Amino acid sequence: MKDLNLFQGINKGNYTSFDQLFKLHFEPLCKYAYGIYADRDMVQEVVVDVFTNIWEKRGNLTIPDHPKAYLYQSVRNNIIRKKGEQQQFNEELSDVFISTDFTIQEQMVFDEMEHQFKSELHQLPTRTKEVFLLKREEEMSYKEIAQLMNISVSAVEKHMINALKHFRTKLQIQGRKSKIND
């Protein structure tokens, strides 16, 4: 509801509404876009372009029913347009769990696990990969993902089930192979 009010304010030319919308969504949109394409400069440029476009259309802005989904969809479309539909997800994932307290052996095991996960992530179909990242990294609900991707909630559920089955199967098989090789 707050986003809807901000869009209405922007449509009336209220810069404070625009500034609040920008501050509220800039970082989450960059994080989301970075999951699609791991070039920080390009990601920030795309997100800024989305907001610039909204401000430039003030007064004639069609206010979306679901402003948050609209913002994410706009960023997604601009990323795809910029890099082309064939662009694959970048292999870099956040190093959130890396710590200097790890021993060298623990770090090697972690790096191998991260490499296996990234490798399997890239084996997923594009839409399944996107659903997985939106759910796990952006913590969006199935309903929000469905609105953003213009698919049904049951389709989102199927994508998540397929992603989790893929990881469960592939990572267990790789785990057995590494135990056999040890």
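Student: At what angle do helix 6 and helix 7 pack, and how far apart are their axes?

Tutor: First, the ground rules: this is a predicted model, where local features need pLDDT of at least 70, side-chain atom pairs count only at pLDDT 80 or more, and totals for chains, interfaces and linings use all residues. Residues are numbered from 1 along each chain as its sequence is written, and side-chain values use heavy atoms, with hydrogens and water left out. Helices are DSSP runs (H or I, at least four residues; strands are E, at least two), numbered from the N terminus. Axes are lines fitted to C-alpha atoms, for helices over the stretch in contact, and angles run from 0 to 180 degrees between N-to-C directions. Here, helix 6 and helix 7 (residues 142-149) pack at about 135 degrees, with axes 10 Å apart.

Student: Which orientation class does that give helix 6 and helix 7?

Tutor: Under 35 degrees is roughly parallel, over 145 roughly antiparallel, 65 to 115 roughly perpendicular, and the rest oblique. Helix 6 and helix 7 are therefore oblique to each other. Helix 6 passes helix 7 in a right-handed crossing (near helix turned clockwise from the far one by less than a right angle; anticlockwise is left-handed). Arg127, Glu130, Val131, Leu134 and Lys135 of helix 6 touch Tyr142, Ile145, Leu148 and Met149 of helix 7, contact meaning heavy atoms within 4.5 Å. That contact has six nonpolar, no polar and three charged residues. (Nonpolar is Ala, Val, Leu, Ile, Met, Phe, Trp, Tyr, Cys and Pro; charged is Asp, Glu, Lys and Arg; the others, Gly among them, are polar.)

Student: What about helix 2 and helix 3: how do they pack?

Tutor: Their angle is about 150 degrees and their axes lie 9 Å apart, helix 3 being residues 40-56. That makes helix 2 roughly antiparallel to helix 3, and the crossing is right-handed. Helix 2 brings Phe18, Phe22 and Phe26, among others, to meet residues including Val47, Phe51 and Trp55 of helix 3. By class, the contact has 14 nonpolar, two polar and one charged residues.

Student: And which hand is the crossing of helix 1 and helix 2?

Tutor: Left-handed. The axes of helix 1 (residues 2-11) and helix 2 come within 8 Å and cross at roughly 140 degrees, so helix 1 is oblique to helix 2. Among the residues in contact are Leu6 and Ile10 of helix 1 and Leu21 and Leu24 of helix 2. The set divides into six nonpolar, four polar and one charged.
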